[in-house]
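Visitor: I'm new to reading protein structures, and I'd like to learn how to look at one. Could you walk me through it?

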Amino acid sequence: MKYSFNAVALVALIGSAQAALRFGCSTVTIQRLDPVVEPGGLPSAHLHQVVGGNAFSPTMSGDIGEQGTCTSCVFSEDFSNYWTAVLFFKHQNGTYKRVPIMANDALPAGINGGMTIYYTQQDFNSNGKQFIRTFPPGFRMTVGSPTQGADGMTKHKGLRFTCLDNKSTRFPEIDDFPKKPCKGGIMTEHHFPACWDGVNLDSPDHQSHMYDTQPTGFAAGAACPKSHPVRMPQLAYETLWDTAQFKDMWPKDGSNPFVFSYGNQSGHAYGTHADYMFGWKGDSLQRAMNSSCMFNACENGKPLKSQSVAAMNACKAKDVVKENHDGWLTALPGMT
Ligand SMILES: *[C@@H]1O[C@H](CO)[C@@H](O)[C@H](O)[C@H]1NC(C)=O
Ligand SMILES: *[C@@H]1O[C@H](CO)[C@@H](O)[C@H](O)[C@H]1NC(C)=O
Ligand SMILES: *[C@@H]1O[C@H](CO)[C@@H](O)[C@H](O)[C@H]1NC(C)=O
Ligand SMILES: *[C@@H]1O[C@H](CO)[C@@H](O)[C@H](O)[C@H]1NC(C)=O
């Protein structure tokens with residue numbers, strides 16, 4: 001999010017703000033599964049942290065909104081799945097420890113790990129004037145790629161990191177791991193493109209059916225191009241990693257000790273990526289996008305059904321990989 005506007009501008013924007021969703025989802029599973037990039041893979045190449053519906057499994061097709069029995073998200077009609085790679089701390093003695101995930105302070109207390117999910121329209125504070133069409137059943141996409149280098153961060157302006165003083169710190173946004181310990185942890189941000197080709201639910205690279213016109217995260221995008229004419233919600237994830245607990249183990253040579261689960265040991269975070277599988281029930285997300293609610297004012301049936309933090313935390317996807325990823329590990333899961 002951006003705080004670069006002044007207070008007068010903020011009031012004006014809030015006046016026209018409509019249907020922006022910002023909500024918490026607790027962790028539904030941490031497993032080596034990837035039904036989008038490696039369908040059927042049991043296990044997949046690297047570890048993911050996942051939120052959303054509990055139908056999450058190695059192979060998923062059809063209308064995800066009609067699969068599973070619960071969701072770890074606040075909105076109880078949202079059975080979508082949202083996931084990213086997992087962050088690990090690499091000790092100088094060569095072992096790895098999974099960095100725990102913290103709940104965002106903009107959300108209700110007690111959420112177990114997870115992510116903050118955004119579906120915005122124009123930008124962070126306004127839905128603008130154009131019609132926003134929601135994703136059709138079966139829709140999926142990814143942003144970023146585990147093999148991309150620094151050029152990937154230039155291409156995907158929505159892949160960012162924030163060194164947190166506390167859970168409310170939101171700037172500056174940088175495009176790599178912070179170079180020093182961060183008192184409040186590290187936030188990773190994944191903004192997806194919002195222009196659709198209007199035809200394909202997916203594409204071979206899981207990206208070319210979408211097009212990004214945002215100059216940066218939570219900013220108004222330029223018009224969608226003719227090739228991808230359909231404006232969809234701007235989807236974004238925020239994940240807060242509790243890196244502060246490793247501050248006394250920072251390497252003496254000052255090198256970055258964090259590594260994502262896809263195992264790039266370069267000390268850079270350019271391979272950061274995220275996956276999305278649409279799974280809102282019926283027309284619930286379109287109803288929300290058509291309405292004028294903002295953030296938690298969309299809860300309690302106005303217009304979206306919502307559930308308690310206890311119900312969110314109780315929802316879990318089945319562990320089918322059955323692999324330990326906690327404690328000090330001699331190798332990253334799958335990277336032996
Ligand atoms: C590596 O360091 C951690 C943290 O001090 C310690 O718990 C672990 O036993 C060490 N592992 C090895 C193989 O030295
Ligand atoms: C690892 O990251 C570096 C730095 O971004 C990049 O140049 C390299 O290609 C990456 N390696 C793999 C295997 O993706
Ligand atoms: C959190 O950190 C930001 C700077 O990143 C600072 O402006 C703000 O006052 C801090 N908030 C609290 C509650 O300490
Ligand atoms: C959303 O708005 C569009 C355009 O006004 C309308 O055609 C559609 O029926 C609405 N959908 C829902 C679920 O309210």
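Visitor: Is C298 buried or exposed?
Guide: The relative accessible area of C298 is 0%. Buried means under 20%, exposed over 50% and partly exposed in between, using a 1.4 Å probe and protein chains only. C298 is therefore buried.

Visitor: What kind of model is this?
Guide: Residues are numbered from 1 along each chain as its sequence is written, chains are lettered from A and ligands numbered from 1 in the order in which they are written, and side-chain values use heavy atoms, leaving out hydrogens and water. Local features need pLDDT of at least 70, side-chain atom pairs count only at pLDDT 80 or more, and totals for chains, interfaces and linings use all residues, as this model is predicted.

Visitor: How many disulfides does a search of the whole structure find?
Guide: A disulfide is a pair of cysteine sulfur atoms within 2.5 Å. Counting the bonded cysteines along the chain, the pattern is 1-3, 2-10, 4-5, 6-7, 8-9. The search gives a total of 5.

Visitor: How many residues apart in sequence are the parts that C25 and C73 tie together?
Guide: The sulfur atoms of C25 and C73 are 2.1 Å apart, and their link is right-handed, with 100° about the S-S bond. C25 belongs to strand β1 and C73 to the loop between β3 and β4, so this pair ties together parts with a sequence separation of 48 residues. (Strands are DSSP runs of E with at least two residues, and helices are runs of H or I with at least four, numbered from the N terminus.)

Visitor: How far apart in sequence are the parts tied together by C70 and C315?
Guide: C70 and C315 form a disulfide, with sulfur atoms 2.1 Å apart. The torsion about their S-S bond is about 85°, so this link is right-handed. C70 sits in the loop between β3 and β4 and C315 in the segment after α4, so the separation is 245 residues.

Visitor: What is the relative accessible area of C70, and what is that of C315?
Guide: C70 is partly exposed, at 22%. C315, in contrast, is buried, at 1%.

Visitor: What is the torsion about the S-S bond of C293 and C298?
Guide: These two cysteines form a disulfide with their sulfur atoms 2.1 Å apart. C293 counts as buried, at 9% relative accessibility. The link of C293 and C298 is right-handed, because the torsion is about 100°.

Visitor: Which residue in β14 stands opposite C195?
Guide: An open sheet of 3 strands runs in the order β13-β12-β14, with antiparallel pairing, and β13 and β14 are its edge strands, each pairing on one side only. Two strands pair if DSSP finds at least two bridges between them, and β12 and β14 pair over 2 bridges. Opposite C195 stands R231.
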